[in-house]
Amino acid sequence: MNIFTLPDLGEGLPDAEIVEWHVQPGDNVEAGQLLVSVETAKAIIDVPSPHSGQIAKLYGKAGDVIETGKPLVAYAGDGSADAEAPAGATDAAQADAEGMPEDELAARHDSGTVVGEMLSDEGLIDEGVIGRRSGAGTAIKATPAVRALAGRMGVELAMVTPSGRDGTILSSDVRRVARILAEHGPMEPLRGVRRAMARNMTLARDEVSSATVMEDADITGIDSTADITPRLMRAIVAGCKAEPSLNAWYDGYANGRRVLERIHLGLAVDAPQGLFVAVFRDIQQDDEAALKQRLDELKDSIARRSLTPDDMRGASILLSNYGAIVGKYASLVVLPPTVAILGAGRAREMPVVRDGEIVIRRMLPLALSFDHRAVTGGEAARFVKAVIEDLQG
């Protein structure tokens, strides 16, 4: 058999979720024929066949997550090799598919044996105890037998409080956690955009040195604030013109930034599937009416689930209008490589002092979070000042 692995669907995406198969084992397909539809970062992508041949096996079913470079489809016979597979990937996948019975491979995976062998190959097993690092950096210690038990019972070792000597997890610890989990039902795996959101938040936590500036804008003079997003987008253009350093990408590894002339605004969108960022390119060219039209087109694309990966790449600065739901101020998350995100809270009527008198004005809370590695406090403050002046102009 020849194995076709899941190709890189763009910008190093690590995996994709199977939405629908368009072929079945035994089908004869032509090069370019649609094999499967997959979803990643809330984009539905159709994957075509790399060559003609007969389908021998499908790796995964609807809802399964396939890692990039892992087997997707097996072809019968000796057809063309998978042009997208990295060196050695096809041979390794074929060896797994043909050299080991499926039930044995599944059992080994379920029991954690494969993981144990990988760690052993890398010299990470010391005297029968597997040590690895959790997200918090705490060492997790468990014998291979306990790790296998955790695999069979569906318990993630990072969740288990150890009671053994030197912080080693015992089988009784695993069974205790398994009983607790059974009371609350199965875990819901993160799919699609929620999975991407979790990765992005982890990246932001690990890389960004975040700071926030907050202020209010008097928007009493704006005729309609039913949807203030187009007005905020225009104000961000004014802010970027006054302080271009916030419309930039920062490379933490190279310790350098790239200030951009074109403004590609990433708008944080709240959807039932989770949070994702749609990119409006070159908004410096658009007036408020054009921005409103582009927002309407985005809503239509979301409803039809027709956003593509390109629609969510290349943002140079971010906007979150969380006040459309609720909230006043917020400390927002800056997503690398961008260096700033402007948040708008819920507008409300408030008593303020004007010319020595207390008057009622409609005020809009603003919060600018920025990566302090690349942006100074003065630059952030000047940006916010320009945004407010545009909203009040």
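Reply: Asp166 counts as exposed because its relative accessibility is 61% (exposed means over 50% relative accessible area, buried under 20%, and partly exposed in between, with a 1.4 Å probe and protein chains only). Asp166 has a positive phi of about 60 degrees, although it is not a glycine. You will find Asp166 in the loop between α4 (144-153) and β12 (168-169); helices (H or I, at least four residues) and strands (E, at least two) are DSSP runs, numbered from the N terminus.

This is a predicted model, in which local features need pLDDT of at least 70, side-chain atom pairs count only at pLDDT 80 or more, and totals for chains, interfaces and linings use all residues. Residues are numbered from 1 along each chain as its sequence is written, and side-chain values use heavy atoms, with hydrogens and water left out.

Now to Asp355, in the loop between β20 (348-354) and β21 (357-371). Asp355 is not a glycine either, yet it has a positive phi of about 55 degrees. With 83% relative accessibility, Asp355 counts as exposed.

Another loop, between β18 (317-320) and β19 (340-344), holds Pro337. The peptide bond from Pro336 to Pro337 is cis, with omega near 10 degrees.

Finally, the helix: α7 is mostly covered, with 10 of its 14 residues buried. Among them are Arg231, Met233, Ile236 and Cys240. At 1.5 Å a residue, the 14 residues of α7 (residues 229-242) should span 20 Å, and its end C-alpha atoms are 20 Å apart, which agrees; the expected span is 1.5 Å times one less than the number of residues.
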